[in-house]
Amino acid sequence: ITAFSKKELTKGEPIGWKTYKGICREIRNKTTPRLIQSEGNNMLYINANDSGSITFKPVHLSPKEYPSLSWKWKVSNIIPDSREKEVGGDDYPAAVCIVYSKSFFSLLFGRYKILIYAFGNNVQVGERYKSPCEARAKFIIVESGDKDTGKWLNYKVNHYKDYVREFGEEPPEITYVGLQTNADRSHGKVEAWYTDIALNRY
């Protein structure tokens, strides 16, 4: 997902990725991820200062054939004033998400589901809950609190099994993989770095 071309590196931004206004509400003061080279790696960098970004890359893959999702991220800090389970309070330092739908056409009619793996602020690792403002989105907290801020963290999850557990059915096709960093609701500030996002067969 994050294998970038020389053209993209020269331009400093990913090509073909789509910036979205918000999963369940419009992000105020939208910012765009920058493509940078640091510590010997190519990565996406988001600087959210009373702002945020949700960016998706179109993907066409079977979740059953590619059930494994892995990634690395680093965040500068958490957002203490975030209220993750309240409408209008849901700021996250970092999140990686998958959008499932039978087709891009189905998306236009709201026939989709979203799994969001998030770095929380005031929730516990392992918590799973419905988005407070998007019934078709489920959050899974894989990291939380300020203990490991400023460090590179690695993750690998079986999103196929998580989808079945959360929605009680077989998932349709993967149509987007995205990332989210936002601090606009709490008027906070956070930096996030993402790299090595991949869908794998095992």
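Leu 108 belongs to helix α2, which spans residues 104-108. In this predicted model, Leu 108 counts as exposed because its relative accessibility is 68%, above the 50% cut-off for that class. Together with Phe 105 and Phe 109, Leu 108 forms a nonpolar patch on the surface, and the three residues share about 390 Å² of accessible area.

## The seven-stranded sheet

Seven strands make up an open sheet with mixed pairing, in the order β1-β4-β11-β6-β7-β9-β8. The edges are held by β1 (18-20) and β8 (128-131); each has a single partner strand, so one side of each is left without a neighbour in the sheet. From one strand to the next, the twist averages 25°.

Within this sheet, strand β6 (residues 92-100) is paired with strand β11 (residues 174-182) in the antiparallel sense, over seven bridges. Cys 97 has Gly 178 in β11 as its bridge partner. Helix α3 (residues 159-167) packs on the sheet and touches β6, β7 (113-120), β8, β9 (134-144) and β11. The direction of helix α3 makes about 105° with that of β7.

Ser 53 is a residue of strand β4 (residues 52-61). Ser 53 is classed as buried because its relative accessible area is 1%, and the limit for that class is under 20%. Leaving aside residues up to four places away in sequence, Ser 53 touches Ile 27, Thr 31, Pro 33, Ile 46, Leu 179, Gln 180 and Thr 181. By contrast, Gln 124 is 71 residues apart from Ser 53 in sequence and 23 Å apart in space, C-alpha to C-alpha.

## Strands β5 and β10

Strand β5 (residues 68-75) pairs with β10 in the antiparallel sense over six bridges. Lys 72 stands opposite Asn 154 in β10.

In a regular strand, side chains alternate between the two faces of the sheet. Strand β10 (residues 153-158) has a covered face formed by Leu 153, Tyr 155 and Val 157. Its uncovered face carries Asn 154, Lys 156 and Asn 158.

Strand β2 (residues 34-38) and strand β3 (residues 41-49) are joined by five bridges in an antiparallel pairing. Arg 34 has Tyr 45 in β3 as its bridge partner. The hairpin of β2 and β3 has two residues between the strands, and Glu 39 takes a positive phi near 55° there.

Most residues other than glycine have a negative phi. Asp 50, in the loop between β3 and β4, has a positive phi near 55°. Its relative accessible area is 24%, so Asp 50 is partly exposed. Asp 196 also has a positive phi, near 55°, but this residue is found in strand β12 (residues 189-200). With a relative accessible area of 37%, Asp 196 is partly exposed.

## The loop between β8 and β9

Cys 133 is located in the loop between β8 and β9. Its relative accessible area of 27% is the reason why Cys 133 is classed as partly exposed. The C-alpha atoms of Cys 133 and Ser 76 are separated by 27 Å, and the two residues are 57 residues apart along the chain.

Definitions and conventions
Residues numbered from 1 in each chain as written. Predicted model: local features only at pLDDT ≥ 70, side-chain atom pairs only at ≥ 80, totals over all residues. Heavy atoms only, no water. Patch = residues over 30% accessible without salt bridge, like charges linked within 9 Å, V, L, I, M, F, W, Y side chains within 5 Å. Areas by Shrake-Rupley, 256 points an atom, 1.4 Å probe, with all protein chains shown as cover. Salt bridge = Lys/Arg side-chain N within 4 Å of Asp/Glu carboxyl O. Helix = DSSP H or I, 4+ residues; strand = E, 2+ residues; numbered from the N terminus. Buried < 20%, exposed > 50% of the residue type's maximum accessible area, 1.4 Å probe, protein only. Pairing = 2+ DSSP bridges. Axes fitted to C-alpha atoms, helices over the stretch in contact; angles between N-to-C directions. Contact = heavy atoms within 4.5 Å.
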